[in-house]
Amino acid sequence: MFLYSLTLQPATGIVCATYGNFTGGKTQEIVVARGKVLDLLRPDDNGKLQTLLSVEVFGAIRSLAQFRLTGSQKDYIVVGSDSGRIVILEYNKEKNLFEKVHQETFGKSGCRRIVPGQYLAVDPKGRAVMIGACEKQKLVYVLNRDNAARLTISSPLEAHKSHTIVYSITGVDCGFDNPIFAAIELDYSEADQDSTGQAANEAQKHLTFYELDLGLNHVVRKWTEPIDNGANMLVTVPGGGDGPSGVLVCAENFVIYKNQNQPDVRAVIPRRQDLPPNRGVLIVSAATHKQKALFFFLLQTEYGDIFKVTLDYDKDDQVTELKIKYFDTIPVTSAMCVLKAGFLFAASEFGNHSLYQFQSIGEDPEVESSSSTLVETEEGYQPVFFQPRKLKNLVQIDDIESLMPIMDMKVANLFEEETPQIFSLCGRGPRSSLRILRPGLAVTEMAVSPLPGVPSAVWTVKKHANDEFDAYIVVSFVNATLVLSIGETVEEVSDSGFLDTTPSLAISLLGDDSLMQVHPSGIRHIRADGRINEWKTPGKKTIVKVGYNRMQVVIALSGGELIYFEMDMSGQLMEIEKRDMTGDVACLDIAPVPEGRQRSRFLAVGSYDSTIRILSLDPDDCMQILSVQAVSSPPESLLLLEVQASTGGEDGADHPASVFLNAGLQNGVLLRTEVDMVTGQLSDTRTRFLGLRAPKLFSALVRGRRAMLCLSSRPWLGYIHQGHFLLTPLSYETLEYAASFSSDQCAEGVVAVAGDALRVFTIERLGETFNQTVVPLRYTPRKFILHPKQNSLIILESDQGAFNTEDREANKKEAVEAADSHENGKADGEDEDMADGEDEEPLPDEQYGYPKAESNKWASCIRVLDPKTSTTTCLLELQENEAAFSLCAVNFHDNKELGTLIAVGTAKDLQFMPKKEASGGFIHIYRFADEGKVLELVHKTPVDGVPTALCQFQGRLLVGVGQVLRIYDLGKRKLLRKCENKNFPNTIIAIHTYGDRIYVGDIQESFHYVKYRRDENQLYTFADDSCPRWLTASLHIDFDTMAGADKFGNIYVMRLPQDVSEEIEDDPTGGKIKWEQGRLNGAPNKVEEIIQFHVGEVVTSLQKASLIPGGGESVLYGTIMGSMGALLPFSSREDVDFFSHLEMHLRQENPPLCGRDHMGFRSAYFPVKDVIDGDLCEQYPMLTSELQKKIADDLDRTPGEILKKLEDIKNRII
């Protein structure tokens, strides 16, 4: 078995982010690392974040920093990854790609304790960069430029210190003095020697300054001083004339300003009133805003509160006061970026990311703590309290959807649509959600208005070629034409010159400023001054089809006669040439007029005899046939689309202008073929089945480029995005006819007709594979199942360290009463009116988070959800500190009248740190009432441990409790034990069954194949895996095969050898005698691992499904970082050879961006086996044309054939 791996939805979580002027203009961009993907984002004019570039780097990005050489105009990006190399990237605007400027090797690959890459710090003047490891090693590279103004990098200078743990490093701003780097360090050499643990308790963190002496070219430890043991983060303070220099040390409950030869300035971080007193407050992310005369810091705590920190300092740069003021509360971030344009980009730790705009910079009086008001008491420093409120200084203007983390995922077609939907549980705590994903682009509907009848077509038209917006929407009915003028509103007009008593076949702008209407009995040409010229059809013939562009018109009369018209210099429409085709014409199209030309050369004609002909419109060989293409079914619609000539624009690659002929055939297939610009010959044909209706094709504008709308049984959009041609469905209903639309309210939209309504919509984010419907949940979702008959979802949610709803409401009430009694610590300036009206509304939990409880408190619920209406029909909160961990649907064979029951495994008082067994586990059995909308408890059975896995088996219930596998049957009062096997190594976390085989997944020891002998009522293991695997996801593939994923980011497939499998089935004892002997401390037989692949992110769920109608099944996976991918089995050996050779060439010619070896990355834990990396193959179109040709020649193919192969295999998955 060979598999093709392809990422369908790139990772959406963000690990780290930085910002700067990477394009070299005035605007600032954001670079984010999403695990193994590097993205460049930029807010557009409407405040929406757009992705300019996304690159897969095949390595784990651990840190990012940006620097600028003094006097230069653009920033460089430094990347710290697991490659053992420091990489400096520059963004090339012309080619839209990251170029590697430097790549210096300093250590082994992989994320290791003493190999640098975890921390990056840059000198604020861009003269040096320090890259550090978690322990021991720190290297400093000096950055400079040569005579040609190119960036140079020195050899590494060591700043190592053994037996030292590093918590954070940063550059200190000291103007143009020698660069200084600050680090928080902890020396553990004594703790290592002392076995009593005394030294470990007394170990002290230090703040150390390292100075890079540019003259002597080495690094010295300049200054070190003990700091709080809770210190976790450093923030650079501006210096060198802009500020006092030094660093802010963020520690537990405090922010401390430190600098050489200056006293500490310390202030306490304000705390929420409902925070338990034993919990500290840590800063998790920081952002600095710096203008000429002013700077401030935004620090965010682990609870999501943002504080504004300001420093007061005197003329000698001595800091006199440090103030911390409450600013706003947003979800906890992993990185914050303050852009000069007044935006705050917040990369959330979990859930959606946000872009905020500053309303103000927090000048109003608020709860504030200051170093000057610090009060020391016997218990320590006196805390300052505040109450979070709604956003005041920030306003959210964009929401970037993120699936991180995907906790569980299922694929099913519950909505009876063409393609199945993906249901995934995402997020954490109050920001959890169920997301229903459909393949396709999200569409925003702007307007829907009913029409007086059922329209057959719609067009938009401008009054002048240079107009920015359209002037008219023209709708054609069976016997009339309706003209709507576009202004502030859209209203009907009758003075446009169009004939409204007849249906129309085409409406368009001719030349610069005249309009044309083609109707069955003629052509009406409306000049700009109001003069109207009519051309009537000869005899009884009518016009059946028309093709046109701005200068040329071709009409087809009934009977198959073609007549060609062209605009002359005076703006008249002149008849040039006729031609009689043998039969009726099915469809026509003329290519758009190329830049700087008088006319387009090609006319495409589709006939009912299933052929498409290309005719010339040149005066020399007018209406002569240049080429013919036979197709599988009569064409319904044709579109000639010019792909603009670009020397690398947005789409990355260099293309000469080329024309593509797109044809929608009556059997629902879209055919794409390239037209040779010189000879008109057709080559490189690609086909794709779009739906059950013949696709109608229209040209539309998307991001200023020509794109293609195909309306089949659902609408599709074909467009170029970052060098790839993508054909993606739109998540919208079936449309009949469409035209692109532009007005001042909606710059790039589509107007379409369906039924008796006119619809205007826009397409939001390009390049997305799925669009999402979001259903909010209460707690972190753990697992869910689909109810087979009711089409409902049963979801388990549980949160550790949280109060359940009743306790939360009670606590809120207390807090409000307490606040009223001592006025919430309000500043004196605020008027008292606030307390009456505006403060009543409670804060949304999504923004504020849940109040924290002790770690052994759990909040948990069971939810029944109807996905069609997104409504919760039943929500059961678990009481007495129980939390739900496993569930399954089960039909007991003795109790048929109860129907399908739901079994839920729960634990009471579970605690992980210190590891303590729960005080009890239970299995709840629920039955459905009220037509499957509500759950009712049948009974609850106590068990000795946590039931971590449940599964139905031969009309009974299989339960994994710790290391015991049990079979239960249903009794009147509780479940009854029937059989058990105690010989599993650790904890059972997954059970699958097939026939009388049971496949058991252990948390640490991979899969065990178990057989149940009914006559002896015995369970015994007959095969297991020889590799230990920490399972995170499992999937049963067939009788002998299981797929699994481990916590290190690997996916593997294992299979029981055929002869062993047959022997077990034929053996009358079922391998029992062998089982009693065992082998290698385990089962007598070992499985073979037939597939190995390192994904690079922890896979949390595996599903077997097909995402396209009639497509082959593939294995889908979802990861913690919010990405989704598919593994598709190859059907032919020839494909395997082709793709493995392509992969081999790409590994050599196009090594990954951050210096990790591709083969090494995919084999990070186990050598990659029989999987071809589609993500690497998909980078082929991004290469330069010379390199594409070189690789194609080595494979004995043309680049077009390789691109076609890549497109075909992708279309087999999605």
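Modeller: A salt bridge is counted here when a side-chain nitrogen of Lys or Arg lies within 4 Å of a carboxyl oxygen of Asp or Glu. Side chains of opposite charge can pair when their charged atoms come close. In this predicted model, a search of the whole structure finds 73 salt bridges.

Let us begin with Asp 242 and Lys 290, whose closest N and O atoms are 3.6 Å apart. Asp 242 belongs to the loop between strand S19 (233-236) and strand S20 (247-251), while Lys 290 is in strand S24 (residues 283-290), so the pair ties together parts that are 48 residues apart in sequence. Asp 242 has a relative accessible area of 30% and is partly exposed; Lys 290, with 38%, is also partly exposed. According to an unreviewed UniProt entry, residues 14-377 carry the annotation "domain: RSE1/DDB1/CPSF1 first beta-propeller". That span is 52% strand and 3% helix, and its end C-alpha atoms lie 42 Å apart.

The next pair is formed by Asp 1175 and Arg 1162, whose side chains meet in a salt bridge at 3.9 Å, N to O. Here the partners are in helices: Asp 1175 lies in helix H9 (residues 1174-1177) and Arg 1162 in helix H8 (residues 1158-1162), so this bridge ties together parts that are 13 residues apart in sequence.

Lys 1169 is partly exposed at 35% relative accessibility, and Asp 1170 is partly exposed at 27%.

Salt bridges may also be linked to one another. Asp 328, Asp 364, Glu 366, Arg 389 and Lys 392 are connected in such a network.

Finally, a word on confidence. The mean pLDDT of the protein is 90, and 96% of its residues reach 70 or more. Confidence is highest in strand S94 (residues 1171-1173), at a mean of 98, and lowest in strand S57 (residues 646-647), at 39. Over residues 645-655 the pLDDT is below 50, and this stretch has 25 contacts in the model beyond near neighbours in sequence. Residues 823-839 also stay under 50, with 11 contacts beyond four places in sequence.

Terms used:
Residues are numbered from 1 along each chain as its sequence is written. This is a predicted model: local features need pLDDT of at least 70, side-chain atom pairs count only at pLDDT 80 or more; totals for chains, interfaces and linings use all residues. Side-chain values use heavy atoms; hydrogens and water are left out. pLDDT is the predictor's confidence in each residue, from 0 to 100. Helices (H or I, at least four residues) and strands (E, at least two) are DSSP runs, numbered from the N terminus. Contact means heavy atoms within 4.5 Å. UniProt positions are given in the numbering used here, feature names are shortened, and annotations may be inferred rather than shown by experiment. Buried means under 20% relative accessible area, exposed over 50%, partly exposed in between (1.4 Å probe, protein chains only).
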